[in-house]
Amino acid sequence: MRPSDTVGNTPLLKISDKLYAKFETFNPSGSIKDRIATYIINNAEKNNLIKKGDTIIEATSGNTGIALACIGAERGYKVKIVMPRNMSEERKQMMRLFGAEIIDVDDGDFDRAIALRDELSAKHGWFNSNQFLNPLNIECHEKTTGVEILNQTKDIGEISALILGTGTGGTMMGIRRTLIKAFPNMKVVACEPAESPVMSGGEHGTHGIQGIGDGGRFLVDLKVLDGIILIKTEEAKERARRLIKENGIFVGVSSGANVLAAERWIEKNNPDGIVVTILSDRAERYLSIY
Ligand code: PMP
């Protein structure tokens, strides 16, 4: 068995009577992004788009980079990661330990990271996993994360809402596709950093909820959203610290934002069924900012 063979089939944690969360830290590099890294690379191998010794390039706020670096180490690919300089040191160290090379761009500048990735990929013929536009990103969550949630909630009850923040939007759109078939009235609610409320029509700004609010809507179909909840960076951090201290759930800042947004929605809407969210990654990669 290889590390990538252990991706997915993560536990569903009960946070409260109405709130359940998929515990994605169980994946081999510690985040939900192992799912798409493995799915996209497996697909590329199957279609002979990539072979051992080739180079993979991606633009990422960190976790996709760590996941690609991990699978690259496992399977003998070189990995180059383009990312904004203000992403946490721990993330950069993890990628370097897996043997990846990091190419910095200015703080919070995902547009530049994506443009530079495309330039370098075209110039050198490197494989571009293209997470911000790749339909395989959505398909992966539709076929894996979404199906797992459906099975895991079978004996708990109906799902009233799916609530989470979006980076590429792949997680939300993919899970939604599966769940909405079983629960046609399910609400789909995004959360985004209050400092960068782009999907709500505001200005892009720098914020500290790494992994969500990357400055665009990317794969998110705004038409299917039933609402957007704004969460401040400090509130997200505080909620994450409480999950760690009061529940022993060792997660990163975006997980704090997701749980807080879901709790606020439950408080306001008092749903009959349960709400599902995601705990995207582990706390170690935020020690310097917690
Ligand atoms: N939280 C964290 C910590 C992440 O790294 C990501 C991925 N960027 C997300 C949430 C959002 O996932 P997605 O890209 O599927 O929207």
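I take two strands as paired if DSSP finds at least two bridges between them. Helices (H or I, at least four residues) and strands (E, at least two) are DSSP runs, numbered from the N terminus.

**Entry 1. Ground rules**

I am working with a predicted model, in which local features need pLDDT of at least 70 and side-chain atom pairs count only at pLDDT 80 or more, while totals for chains, interfaces and linings use all residues. I number residues from 1 along each chain as its sequence is written, and side-chain values use heavy atoms, with hydrogens and water left out.

**Entry 2. The chain as a whole**

I counted nine helices and ten strands in the protein chain. I looked up the radius of gyration, taken over C-alpha atoms, and the globule rule, 2.2 Å times the number of residues to the power 0.38. For 290 residues a compact globule would come out near 19 Å, and the chain has 18 Å, so the two agree. Along the principal axes, the C-alpha atoms fill a box of roughly 55 × 35 × 35 Å.

I noted an accessible surface of about 12,200 Å², 49% of it belonging to carbon and sulfur atoms. Such areas come from the Shrake-Rupley method with a 1.4 Å probe; for residues, only the protein chains shown count as cover. Buried residues make up 58% of the 290, where buried means under 20% relative accessible area, exposed over 50% and partly exposed in between (1.4 Å probe, protein chains only).

I use contact for heavy atoms within 4.5 Å. Of the chain's contacts with a separation of 6 or more, 69% are between residues 24 or more positions apart.

**Entry 3. The four-stranded sheet**

I traced an open sheet of four strands in the order β5-β4-β3-β6, with parallel pairing. Its edge strands are β5 (101–105) and β6 (127–128), each pairing on one side only. Two bridges hold the parallel pair β3 and β6. Within that pair, isoleucine 56 stands opposite phenylalanine 127 of β6.

Helix α2 (residues 63–75) packs on this sheet, where it touches β3 and β4 (78–84), and its direction makes about 170° with that of β4. I take axes as lines fitted to C-alpha atoms, for helices over the stretch in contact, and angles run from 0 to 180 degrees between N-to-C directions. Helix α3 (residues 89–97) lies across β4 and β5, at about 145° to β5.

I then checked threonine 55, which is found in strand β3 (residues 55–59). Threonine 55 counts as buried because its relative accessibility is 9%. Apart from neighbours within four places in sequence, threonine 55 is in contact with Lys78, Lys80, Trp126 and Phe127.

**Entry 4. The six-stranded sheet**

I traced a further open sheet, of six strands in the order β1-β2-β10-β7-β8-β9, with mixed pairing. Its edge strands, each pairing on one side only, are β1 (12–14) and β9 (227–231). Neighbouring strands here are turned by 30° against each other on average, direction ignored.

Which strands does β8 pair with in the parallel sense? β8 (residues 187–193) runs parallel to β9, joined by five bridges, and β7 also pairs with β8 in the parallel sense over five bridges. Cysteine 191 has isoleucine 229 of β9 as bridge partner, and leucine 164 stands opposite alanine 190 of β8. Six of the seven residues of β8 are buried, so the rest of the structure largely encloses this strand.

**Entry 5. Helices α5 and α6**

I found helix α6 (residues 145–153) lying across β1, β2 (19–23), β7 (159–165) and β10 (274–279), at about 135° to β2. Helix α5 (residues 135–143) packs with α6 at an angle of about 20°, their axes 2 Å apart. This makes α5 roughly parallel to α6; angles under 35 degrees count as roughly parallel, over 145 as roughly antiparallel, 65 to 115 as roughly perpendicular and the rest as oblique. Cys140, His141, Glu142 and Lys143 of α5 meet Thr145, Gly146 and Val147 of α6.

**Entry 6. Two further residues**

I looked up arginine 264, in helix α9 (residues 253–269). At 37% relative accessibility, arginine 264 counts as partly exposed. Beyond neighbours within four places in sequence, the contacts of arginine 264 are Leu230, Ile231 and Glu235. Isoleucine 229 is 35 residues from arginine 264 in sequence, and their C-alpha atoms are 8.6 Å apart.

Leucine 287 sits in the segment after β10 and counts as exposed at 52% relative accessibility. Between the C-alpha atoms of leucine 287 and arginine 177, 110 residues apart along the chain, I noted 35 Å.
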